[in-house]
Amino acid sequence: MENQEICEHIRKIKELKQPKELVCEECIKIGSDWVHLRTCQTCGATLCCDQSPNKHMTKHYHHTHHPVVISAEPEEKWMWCYKDEVFADYE
């Protein structure tokens with residue numbers, strides 16, 4: 001990870017949870033579309049981003065308080081902590 005000011009939630013992650021499928025689990029249930037996907041680093045849920053109509057990952061954070069997600073987009077290597085509003089790249 002490249003950022004110097006990484007929060008404790010991101011620092012605690014030792015192994016990344018990768019998406020099982022590149023679909024928003026909640027959008028599939030309701031027949032909706034999504035823009036980009038994020039994967040929760042606490043439970044492994046893959047859900048849609050805030051640019052998507054339903055913003056399922058943010059709803060997931062507010063419901064579960066699981067703080068860190070990674071981008072599930074194939075070429076993106078970054079994570080975000082909702083609680084501390086910290087962004088970090090990784091390799």
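**Group meeting: a walk through the predicted model**

Hi everyone, let me start with His65, which is found in the loop between α3 (56–64) and β3 (68–71). Helices here are DSSP runs of H or I with at least four residues, strands are runs of E with at least two, and both are numbered from the N terminus. The phi angle of His65 is near 65°, a positive value in a residue other than glycine. His65 is also exposed, with a relative accessible area of 57%. On that scale, buried means under 20% relative accessible area, exposed means over 50%, and partly exposed is in between, using a 1.4 Å probe and protein chains only.

Before I go on, some housekeeping. This is a predicted model, so local features need pLDDT of at least 70 and side-chain atom pairs count only at pLDDT 80 or more, while totals for chains, interfaces and linings use all residues. Residues are numbered from 1 along each chain as its sequence is written, and side-chain values use heavy atoms, with hydrogens and water left out.

Back to backbone angles. Glu85 has a phi near 50°, again a positive value in a residue other than glycine. Glu85 sits in the loop between β4 (78–81) and β5 (86–89), and at 61% relative accessibility Glu85 counts as exposed.

Now the sheet. In what order do the five strands of the open sheet come? The order is β2-β1-β3-β4-β5, and the pairing is antiparallel. Two strands count as paired if DSSP finds at least two bridges between them. Because β2 and β5 stand at the edges with a single partner strand each, one side of each is left without a neighbour in the sheet. On average, neighbouring strands of this sheet are turned by 30° against each other, direction ignored. For the angles, axes are lines fitted to C-alpha atoms, for helices over the stretch in contact, and angles run from 0 to 180 degrees between N-to-C directions.

Let's look at one pair. β1 and β3 run antiparallel and are joined by three bridges. Thr39 in β1 has Ile70 in β3 as its bridge partner. Helix α3 packs on the sheet, touching β1, β2 and β3, and its direction makes about 120° with that of β2.

Thr39 deserves a moment of its own. The strand it lies in, β1, covers residues 37–40. Is Thr39 buried or exposed? At 0% relative accessibility, Thr39 counts as buried. Leaving out residues up to four places away in sequence, Thr39 touches a list of residues including Lys17, Pro19, Thr46, Met57 and Ile70. Contact here means heavy atoms within 4.5 Å.

Another threonine, Thr58, lies in helix α3. Thr58 counts as buried at 14% relative accessibility, and beyond four places in sequence Thr58 touches Asp50 and Tyr82.

On to the cores. A nonpolar core is a set of buried Ala, Val, Leu, Ile, Met, Phe, Trp, Tyr and Cys residues joined through side-chain atoms within 4.5 Å. The largest one has 12 residues, among them Cys24, Leu37, Leu47, Met57, Val69 and Tyr82. β1, β2 (46–48) and α3 each supply at least two residues of this core. Apart from it lies another core of 11 residues, including Ile6, Ile13, Ala88 and Tyr90. As background, nonpolar side chains tend to be buried together in soluble globular proteins.

Next, Val23, in the loop between α1 (8–11) and α2. Val23 counts as partly exposed at 24% relative accessibility. Leaving aside neighbours within four places in sequence, Val23 is in contact with Ile28, Trp34, Leu37 and Thr46. Val23 and Leu47 are 24 residues apart in sequence, yet their C-alpha atoms are 7.2 Å apart in space.

Last topic: charges. How many salt bridges does a search of the whole structure find? The search finds two, a salt bridge being a side-chain nitrogen of Lys or Arg within 4 Å of a carboxyl oxygen of Asp or Glu.

One joins Glu8 and Lys12, at 3.8 Å from N to O. Glu8 is partly exposed at 46%, and Lys12 is exposed at 58%.

The other joins Glu26 and Lys29, with the closest N and O atoms 3.0 Å apart. Because they are three residues apart in helix α2 (residues 25–30), Glu26 and Lys29 are separated by about one helical turn. Glu26 is partly exposed at 29%, whereas Lys29 is exposed at 63%.
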